[in-house]
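Please take a moment with the sequence and the model before I describe some of its strands and helices.

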Amino acid sequence: MDSILVVGGAGYIGSFMCKYLRSNGYEPVVLDNLVRGHREAVKWGPFYQGCMSDRTVVDTIAKSHPIKAVMHFAAFMEVGESVQKPGMYYRNNVSRTLDLIESMMANGIDKFIFSSTCATYGEPLEIPITENHPQNPISPYGRTKLTVECMLKDFFSAHGLNSISLRYFNAAGADPDCEVGEAHFPETHLIPLVLQAASGKRDAIYIFGDDYPTRDGTCIRDYIHIEDLAQAHLLALEKILGTRCCEAYNLGNGEGHSVREMVETAREVTGADIACKVAQRRTGDPAVLIGSSDKAMRELGWRPIRADLKQIIKTAWDWHSSHPDGYRTTPKPRP
């Protein structure tokens, strides 16, 4: 069984990726410092607690397992937080990723799949966004991701590091088997916040800006289920194991939903009367982000299977209903 090092494998997307890898014949080996991950979410392979910048732990993993590739899910990912704490984002998302890549290369591992983001594009000049769209990020978060993409191109040219960057739009939903779901502390993502309001854990959901140039004044986003993300990662892995490459692919459904539409769909799914309050816009939020995934479909053979918004919210609601307190681990204070 080939082993895949999943950095950040105790987090939301990383932990589901581990389950998906195991079900497709790979051994996921998790490296996570548990600053934002959950030990209970690591169920499908060996676990090493540590930082991706720690050369000693990466060396140990490489000597103990036949690592064929690395999947990177360990970035900090909140736009607003990155505006307030840019140093923390550059340190973790860029500096520590560089340390990881150099440790990989020193151990003869030359295949890297990177969780990137549509935030590298910034304010869209056209919709849907293709991979050829200019990359002009408007937040430190987006700039850190773009910096790593540039770094990967340079390492490919200089050292033959093969990489695929997957530019997510909005990851959403939960494991249909209710084993993995979204639980951040504090929670900042729209769907879990809406579901907390539906379950009575919060009084209302805040809509950050209702004066955007969109059909109802609220931001429009392209939501993609985590199972579809996992499928794309597996296809990227199969590609990178078979050929030299340095590529980037968008991952989205090609259809946008506004914040108000999201809330209304959640009301239908949960049967709850979800109260909304309008707040000021957040810095770094474009009005519309919808992606074209034609390249991923054409070159990777990717086909999303859970694109329906109601289905996405239903899987999330099922997980939140069965895990009303999230994972059992008491979250650590944020750095």
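I begin with a pair of residues: the bridge partner of Phe 112 in strand E6 is Ser 163. This is a predicted model, in which local features need pLDDT of at least 70 and side-chain atom pairs count only at pLDDT 80 or more, while totals for chains, interfaces and linings use all residues. Residues are numbered from 1 along each chain as its sequence is written, and side-chain values use heavy atoms, with hydrogens and water left out.

Strands E5 and E6 run parallel and are joined by seven bridges; two strands pair if DSSP finds at least two bridges between them. Strands (E, at least two residues) and helices (H or I, at least four) are DSSP runs, numbered from the N terminus.

Is E6, residues 162-168, enclosed or open? Seven of its seven residues are buried, so E6 is largely enclosed by the rest of the structure. Buried means under 20% relative accessible area, exposed over 50%, and partly exposed in between, with a 1.4 Å probe and protein chains only. On one side of E6 lie Asn 162, Ile 164, Leu 166 and Tyr 168, on the other Ser 163, Ser 165 and Arg 167, and both faces are covered.

Within E5, residues 111-117, we find Ser 116, which counts as buried at 2% relative accessibility. Leaving aside residues up to four places away in sequence, Ser 116 touches Lys 145, Glu 149, Ser 165, Leu 166, Arg 167 and Tyr 168, where contact means heavy atoms within 4.5 Å.

Strand E8, residues 205-208, has a covered face with Ile 205 and Ile 207, and an uncovered face with Tyr 206 and Phe 208. In a regular strand, side chains alternate between the two faces of the sheet. E8 pairs with strand E13, residues 276-279, in the parallel sense over four bridges, and Ile 207 stands opposite Val 278 in E13.

Let me close with two helices. The axes of H6, residues 190-198, and H10, residues 309-322, come within 10 Å and cross at roughly 60°. That makes H6 oblique to H10; angles under 35 degrees count as roughly parallel, over 145 as roughly antiparallel, 65 to 115 as roughly perpendicular and the rest as oblique. Axes are lines fitted to C-alpha atoms, for helices over the stretch in contact, with angles from 0 to 180 degrees between N-to-C directions. From H6, Ile 191, Pro 192, Leu 195 and Ala 198 meet Ile 312, Ile 313, Ala 316, Trp 317 and His 320 of H10.
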